[in-house]
Structures are given as C-alpha cells and as structure tokens.
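Subject: Structure handover

Hello,

I am passing on the structure we spoke about. Please look through it first; my notes on what was found follow below.

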Amino acid sequence: MSPSVSRTLLTGGAAALLLATATPAGAAGPTPPITAPPDKIVIELATVNGSGCREGTAEVAVAPDNTAFTVTYSEYLAQVGPGAPPTAFRKNCQLNLRVHVPSGFTYAIVQADYRGFAFLQPGAWGQERANYYFQGMPQTSQRTHQFNGPFNDNWQATDKTEFADLVWAPCGERRNFNINTELRVYAGTSNPQTATSFMAMDSTDASVSTLYHLAWQRCPTPRHDTPRHDVPRADK
C-alpha cells in the first residue's frame, strides 16, 4: 500500500545553470553587469513536451523586478511500486520559452533552484537532472543530483555558474530558451512489488515554483565606421 504523504513544497532558491563561456554577439568583451533592465520582460511558453508536464500543467511567471522567473508544475512525479506503470520511474519535461527582453539588453541564467518532495524506501534512490540552451546553440552539460533512501522530506537541488562562464542570449536576435528537466526513481534493493517510492517536482500550492535567477548586461552599441572619402590631390 502506498504511504500517505503530504507533499508540502517550499518556495525559494535557484538551481541549474548555463555552463559554456560566451559574450553577447557583436561585443568586443563583456559589458558591466546591471541589476535588471527597467522595462518589463515577458516570457511565454511556446511549446511544452514530456511525460512530466502535459499541456496545461506548467506555468511561467516573471518576478516584478525582472531578476528571476518561475516555473510551476502540477503533475510532475516519478515513482516505482505497486500499481505504477513500468515507464513511471522516469518523467521529463522540455519547455521552449519565448523571452521578450527590452531592446539593448541581453540575459543569462546564473542560478536555479529545484524543489520538491520525495518518499524513498530504504535501498531506493532518486535523481533530478537539468540542462539549458538557447535555440541554435549547443546544450549545456547536464547536472544530476541524487537522493538516497530512506528519505521522506522536501528536497532541493541547487547549481550555480560563475559570471565569467555564463552563456548570454545573442544580442539583436530572437532565440527561444529551452529548459530540459528529468526525474528518475529506482527501486534499488527495495521491493517494488510491495513498497512505493516516488520523487515529485509538482505542487498543489501555486506559490511553490522552480526559480531561475537572471543576470543582465547591456548589449554593445553597434559600431558604424566613418566612410572614407579620398581627397583629390591638387595638380602640381
């Protein structure tokens, strides 16, 4: 019988970051960082795919100060145990985000926090994985966090990227931002015929979200070379 467990998830933090080094397109070098652009940014869900986030079960919201955005899931749970389908041990979600930023600015993800609840039997274990990339650019390295049973509590996974290693959205181009996440649960030495283990990244509380922190830079001002006009020489 599955244990009755309250999945109370906590808010906060941030975890999973872009890992390759890059500077804004057209820049001779990085420009000084800023807190955030003054104008409002807008993020839309272009497409949602995956067994952990069927359409209508993921939402995105931007912080009022433009320093972060959140993703909230309502049906993101991986499990093993009595009655669980063989494919339920792995759930994933691929979000394609259309990000509208004020003209003259570029952004990168510096930190993201994933939170959820897990109930893992002794001998069982679960994993959370994530990576990110801009459309048309290489994917970042996937980061994996493991939680071992016995475990019956909220879980949190946090990754950070140094400022010098951030991947910036290309200036002057519109490229969607992709987030790939995955949850896995393995029975390990526990008995999946009699014991249930699960790991969730969803919540019945709308205030509980995955939080992605943004870094901002001003795009470099395009250089316009002064046309050269040859001055005719006076006849000698």
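The largest pocket holds about 340 Å³ of space. Please keep in mind that the model is predicted.

By residue class, the lining of the largest pocket divides into 10 nonpolar, 6 polar and 4 charged residues.

The other topic is salt bridges. The structure holds 7 of them, and I describe some here.

Arg98 and Glu44 form one of these, with their closest N and O atoms 3.1 Å apart. Arg98 belongs to strand β6 (residues 90-100) and Glu44 to strand β2 (residues 42-49), so the pair links distant parts of the chain, 54 residues apart. How exposed are the two partners? Arg98 has a relative accessibility of 35% and therefore counts as partly exposed. Glu44, at 34% relative accessibility, counts as partly exposed too. Both values fall between the cut-offs of 20% for buried and 50% for exposed.

Another salt bridge joins Arg129 to Glu182, where the closest N and O atoms are 3.4 Å apart. Because Arg129 lies in strand β8 (residues 125-134) and Glu182 in strand β11 (residues 177-186), this pair ties together parts that are 53 residues apart in sequence. Are these two residues buried or exposed? Arg129 is buried, and Glu182 is buried as well.

Glu182 also forms a salt bridge with Arg184, and here the closest N and O atoms are 2.4 Å apart. Arg184 counts as buried because its relative accessibility is 18%, and a residue under 20% is classed that way. Glu182 is at 7% relative accessibility, so the label buried applies to Glu182 by the figure too.

Which residues are linked in a network of salt bridges? They are Arg90, Arg129, Glu182 and Arg184. The Arg129 pair and the Arg184 pair described above both involve Glu182.

Regards

How values were computed
Residues are numbered from 1 along each chain as its sequence is written. This is a predicted model: local features need pLDDT of at least 70, side-chain atom pairs count only at pLDDT 80 or more; totals for chains, interfaces and linings use all residues. Side-chain values use heavy atoms; hydrogens and water are left out. A salt bridge is a side-chain nitrogen of Lys or Arg within 4 Å of a carboxyl oxygen of Asp or Glu. Helices (H or I, at least four residues) and strands (E, at least two) are DSSP runs, numbered from the N terminus. Buried means under 20% relative accessible area, exposed over 50%, partly exposed in between (1.4 Å probe, protein chains only). On a 1 Å grid over the protein atoms alone, a cavity is a set of points where a 1.4 Å probe fits but cannot get out, and a pocket is an open set with protein on both sides within 12 Å along at least five of seven lines; lining residues have an atom within 4 Å of a point. Grid points are joined across faces, edges and corners, and a volume is the space filled by probe spheres set on the points. Ala, Val, Leu, Ile, Met, Phe, Trp, Tyr, Cys and Pro count as nonpolar, Asp, Glu, Lys and Arg as charged, and the others, Gly among them, as polar.
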